[in-house]
Amino acid sequence: MNRKSRTMLSAVALAVTTTLSAQSFAAMSEAKTNQFWWPEQLNLSPLRQHSPESNPYGANFDYAAEFSKLDLKQVKKDIEQTLTDSQDWWPADWGHYGPFMIRMAWHSAGVYRVHDGRGGSAGGQQRFDPLNSWPDNANLDKARRLLWPIKQKYGRSLSWADLMVLAGNVALESMGFKTFGFAGGRQDDWEPDLVYWGPEDAFLKDERRDKKGKLKGPLAAVEMGLIYVNPEGPHGKPDPLLAAKDIRMSFGRMAMNDEEVVALIAGGHTFGKAHGAKKPSDCVGKEPAAAEIEAQGLGWKNKCGSGKGADTTTSGLEGAWTVTPTQWSTNYLDNLMNFNWVMTKSPAGATQWIPDNKAAANLVPDAHIEGKRHAPIMFTTDLALKFDPEYRKVIERFRKDPKQYELAFAKAWFKLTHRDMGPRARYVGSEVPSEVLTWQDPIPKADYKMIGSKDINTLKKSILNSGLTKQELIRTAWSAASSHRVTDMRGGANGGRLRLEPQVSWEINNPDEVNKVLATLTDIQTQFNKRAGKKAVSIADLIVLGGSAAVEKAANDAGYKVNVAFKPGRTDASQAQTDVLSFSYLEPKADAFRNYYSDEAFMSPTEMLVDKANMLDLSVPEMTVLLGGLRSLDANYKGAEHGVFTDKPGQLSNDFFVNLLDMSTKWSKVEGQEGLYEGRDRKTGEIKWTATPVDLIFGSNSELRAITEVYASDDAKQKFVDDFIAAWVKVMQLDRFDLK
């Protein structure tokens, strides 16, 4: 072969090589995960996400302090200027980006769900896959690019998470609406959250309901890739009453009642328009996650017409709801109720509704073409508010009293955009509203002096001499503190809500035992406070102190003199300060640390173990040492013996790990009892222990076994005790935002 032939062959080879997509190349070269080979293997990666090493600002970066230095008024002025500075590369509808920013902020916050607290604006997760590429978030990549100069200017002092919500607020205010307030403090994440968004393997599919049509597990959106519901109706069926059922279910799982639902939909649809100028399948390209590298993170490239402005295609629906889409008004309510709506199709072929009155055909000005006008439109989900009897009552009430409507939307918007932030102690900035709202889980300020070290020692002795067992005290403290979840910063021991409904009645907390412990602690509190002068102790503090005292005693009984750190300052909330329905969502369906698993659990016992550890912000070693320690302490739900691999129950020892790895024990399933195993002596055949999957997984899973071996080693006894206490204190203080 001559040189010219070799050169031509090389060119052909190069051409063929370059036609391989990046996706195909990645598929060939990517390392296979263990889940690829063994799909049933327990995935521990949720406990290793958001490592400090991922944060370019470092683990000690104090975002709240940086945000506090901002001139918030100037930031808002900069954002407001951006809203009317229309860019040729993505022109603003009616010359105003306000409605666009409202949609961005709404969709950032709207993924929040009450059943597990995941989703929401915190972390700025809309920047990452998969959320940045969901069909419902189409073209919001452009909204964030429009805000980049603001982010670039303020850098570390203004997170994307805060900026997206703030931009929504400024947008509302710039269009004549008075917002309820704004709180900063949302830190940015630097990698995507590992969240179960649904079982489907494709966008806009629905395989998430039970036979009655209810959503399963913690899910809130009705289809994969949607924030809430299908605007054309359930599965595209244009039935307003069926749509109302989906709306009530979906929004309800995102913490909204009927009034808040109506206020949000009506208020949000007062502004802007839907975009369906072209047929998506003919014109719109790949989402950001699948787009070419030269697209630089932008997706949904539209090849039809100009691809933007009047040719913009997002949802496939097309048109505006009101005659003044960049001004606050009651026009949405008036249009919805005054017109008779008939079904039609958008230019993209989507089902929507227009008035049957021909006089309405020229009410709405075109977003880009001067002199052109259109009829207002409604979605099937808009008509749901008119035809559902309960929603209609709210609509009519709002029409009679526009001020009530305005306040309802302001409060609902504030709740939507702040629901996942947790208590007010985490709010930062000059626009934090003074009104305390029940959904913020308020905790009263102490009107007394805190107890000191001598008082703490006195109270410990009183608790340990009260007749309560170590196990009762430990289980009660765990019941209170482990209700916290870092996903939305709710729950925990602070507030003393274990003594209130609904928590005092949760089956997992063993109400009889909890009430017994609380009665004794209340007696101790009463006696102490009577003689303490200006000092006082709360039940919330006593619950945690009792558990800590019991752990100290258990360690001492095992031969280790330790001190479990305790910081007073928790106060007791009242029943009136507690939203029973809202708190009911915090009830654990499983808690492996107490060896509890209910029929309502939506994953396997071992997966629920990881999920619980993830919500407690535990690392893999912390999860391991806590579970092993609680087993040795005999702290299972109702004193069950499963996993208590020790002949010294109640002592803080590493026996769980030692005996789990003991090869003299042979494990097998218990016939006829699903999820139960027995460990028999290999020589005698006698039963030594019983266990559940969450016990045996620490010897079965290779990663967990490696950590189990550390704690089972002869030289790790003191390490085990120290690590257990550190992890225990961490859980007890997860909700102490006053200390952070």
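The dialogue below turns to a sheet, and then to features of the backbone.

Tutor: This is a predicted model, in which local features need pLDDT of at least 70, side-chain atom pairs count only at pLDDT 80 or more, and totals for chains, interfaces and linings use all residues. Residues are numbered from 1 along each chain as its sequence is written, and side-chain values use heavy atoms, with hydrogens and water left out.

Student: What is the order of the strands in the open sheet?

Tutor: Strands of a sheet pair through backbone hydrogen bonds, either parallel or antiparallel. Strands are DSSP runs (E, at least two residues), as helices are (H or I, at least four), numbered from the N terminus; two strands pair if DSSP finds at least two bridges between them. Here the order is β9-β10-β11, with antiparallel pairing. The edge strands, β9 (665-669) and β11 (687-691), each pair on one side only.

Student: Over how many bridges do β10 and β11 pair?

Tutor: Strand β10 (residues 677-681) and β11 pair over four bridges. Glutamate 678 has threonine 690 in β11 as its bridge partner.

Student: Which peptide bond is cis, with omega near 5 degrees?

Tutor: That bond runs from glutamate 501 to proline 502. Proline 502 lies in the loop between α17 (470-481) and α18 (511-531).

Student: Is asparagine 510 buried or exposed?

Tutor: Buried means under 20% relative accessible area, exposed over 50%, and partly exposed in between (1.4 Å probe, protein chains only). Asparagine 510, with 14%, is buried. Asparagine 510 is also in the loop between α17 and α18, and its phi is positive, near 55 degrees, although the residue is not glycine.
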